[in-house]
Amino acid sequence: MNVDITDLTRRFGRTQAVAGVSLQAGAGVFGLLGPNGAGKTSLLRMMATVLPPTSGRLRLLGRDPGSYGPRREIRRRLGYLPQNLGYYPGFTAAEFVEYFALLKEMPPGQVPRAVAAAIEHVGLGDKARAKLRTLSGGMLRRAGIAQAIVNQPELLLLDEPTAGLDPEQRVAFRALLRDLGQRATVIVSTHLVEDVGAACTEVALMDAGKIVFHGTPDELIARGEGTGAAGDAPLERGYSAVLAAARSAAAVA
Amino acid sequence: MTAATAAPVRHRTPRATSAIPLTAARLLRTELRRNAMPWILPLIAALFWFDSYRPSTRTAPLYVLRTFWNMGQGHTIIDIGPFVAGVAAWMGSRDGRRGLADLVTATARPRWAAQLATWAATAIWAVAAYLVFVGVMFAWYAHQGVGGTPPWWWVAVGATAVTAFSAAGFAVGAYWPSRFAAPVAAFAGFLAMAMSSQTGFSHISGWALILPTNSNGNFQADSGIFYPWLPDLPVARIMFLAGIAVAALGLTGLPARAGGPWLRRAAAVVTLAGVASAAIAVGLASTARLSAHGMVIPALHDAASDAPVTYTPACGRAAGVPVCLNPAYRRWLPDVNGALAPVLAEVAGLPGTPARATQVAAAYSSGEVGAGQVITLGGHPPVLRMSLGQLDMPGPCGFCDEPVATKQFADQIRLGFAQAFVGAGNGSGSPGQQAVQAALLRGAGIPFAAQPKLMATTKNGPGPPPGPATGPVYAAARRLATLPAAARHAWLAAHLAALRAGRLTLKELP
């Protein structure tokens, strides 16, 4: 298992952002769904090794990120796209991706080729030499995805990766996800259920810091059938039904 | 976006240690290319021209005087340092300001290493700009025929100061990733330099000598002309500033996200080493004492630095007497010859008349006060020794109200000569000596009425300022001056020994 999480918690003062999450994920595309404030981003930041857990056990790529050496080794094999990605306005798209390739300690000889490939994969080939300040929001998002995949990561963490992408780019991105998921663990945090349906082999739904559903997209769809839950698509209905059930259970408890 | 049908080869080979410098070099290249420092360089260049170069050209064309303003008083540092601190803070706060802290932290390369690359690029731009600005200024000085040698040690101090500003500013930005970090760092840098300058005005010795804009240092009258620039104080200041730079950079490696435990321990050691270096430098500066050639720090001093600079003098003649100056003063040789000619003619043929006149190094007792005797006469055969470094030479003189006129300079030389010739030394001499001195000056073209003012402007000995050209001294001087030249000459020849011994009274004058 590339991701092995047991009873993971994270507190920010009195707020418990992640409350006893357990999760295992191997190769494939793993969708992390949930409403705003469910704890998806905090969970992803812990998996990205930038936020230490308050308690629980976290193993990534067979290593314990609590120790510096293993953490560094994980980071070499990690791709991460934060929810709010900043950028260096004076850098070109290629420089931005190259910069992170070097920070990920890729062998310098492989960097130029890897950068060109990553830029091509996200469809920014013709904008490689453009300064980031001149790119649109969607293009910046793609530059962010390029830096995340430049090192061919074994664990790829994407927080709202399709935000700002146009429909055509979103379709292409899902294809890219499916391809990456054949050899790596890709965890996609999103609130767009169609992304999950199109690209994910597994899905977990978080609410109030807990995982309230874990299964395949088809199983999530099945949870919504015949419940009369709100939603335009089967996945949305499953999503709504699971959330409603979890919240009513929490209220009873 | 396309599916990765032709994905690059996976690279799961162990990292070779030889790849680390190459990675660092590539990071540095990117940081150099996209650094914010070049954007502010035109502003710094304009300020440098206005505040460092332009005022310096109002001083005489000698490196020691030209650079007293911009290097000694540290205007080059004041013009550049605060801006560098501001830009460095801007760069140091970049990841936090731009919302990239998480992304950078999630990479394998220690954050401290990445930050050092960003800082290094900023510092390289800043120091390179400083060196280019100073280099252009010195090249222009050389084109203008400025005499002496450039104060390279003080250039090194300035470059280290710029480095220290960049490091300190960067640390401010790294710890406070806000858009306000840059202006605050710049203002703090300016304030520090202003306080350093003010402290320098009042503290001419002790620990305050370590401050980079304290002008009380090696900027003695003949530094780099007769003697090399002493490196003692610059070395101490470089230690101090480098210590600050190292400590500031070490501080950026202390936070938990900066790197692993070993790296953070190393950062702590680096910080302590920087603090120790700065503290040792302050201690060394407090032991500094002023020698005849500049500031000496016993623990750093190399006696070889005291060896005079060899040179081929520039020579001419005044009233038949050879006059030789240091080549740095070559442009003033006609002025010196013109000043000496009338007084040498007055005493020609008398015993003790100089066989030659030569320039000697000025010996200062302190930074700006207590000059010694400008002109002395002695030896066998008698040699007139002039320490012109104590005088304002004809032309622009920097801190004077107006340029020094040739006549003003000539009068100072003639007065110094007359004082030396009658044996008055550094003081006002005996009444007899004063009277003969006044008569000699009168013969050299300085009216009695103008002499008290001349002596007041050049007075450097003890006692009250000279009064008006009246009284028994000037009465005796008038009597001597009205004698025919041959008679005056004969009287002087007969009484010169007694006169120089101070035994001649006014009544004994003709």
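In chain B, the axes of helix α4 (residues 75-92) and helix α7 (residues 111-143) come within 10 Å and cross at roughly 160°. That makes α4(B) roughly antiparallel to α7(B), a label used for angles over 145 degrees. This is a predicted model, where local features need pLDDT of at least 70, side-chain atom pairs count only at pLDDT 80 or more, and totals for chains, interfaces and linings use all residues. Residues are numbered from 1 along each chain as its sequence is written, with chains lettered from A and ligands numbered from 1 in the order in which they are written.

- Contact here means C-beta atoms, placed from the backbone, within 7 Å.
- On the α4(B) side, the contact residues include I80(B), V84(B) and V87(B), while α7(B) brings in W119(B) and Y130(B), among them.
- The contact residues split into 9 nonpolar, 4 polar and no charged, with Gly counted as polar.

**The sheet**
- Chain B has an open sheet of 5 strands in the order β3-β4-β5-β7-β6, with mixed pairing; strands pair if DSSP finds at least two bridges between them.
- Helices (H or I, at least four residues) and strands (E, at least two) are DSSP runs, numbered from the N terminus.
- β3 (314-318) and β6 (375-378) of chain B are the edge strands, each pairing on one side only.
- Neighbouring strands of this sheet are turned by 20° against each other on average, direction ignored; axes are lines fitted to C-alpha atoms, for helices over the stretch in contact, and angles run from 0 to 180 degrees between N-to-C directions.

Methods. Angles under 35 degrees count as roughly parallel, over 145 as roughly antiparallel, 65 to 115 as roughly perpendicular and the rest as oblique. Two residues are in contact if their C-beta atoms, placed from the backbone, lie within 7 Å.
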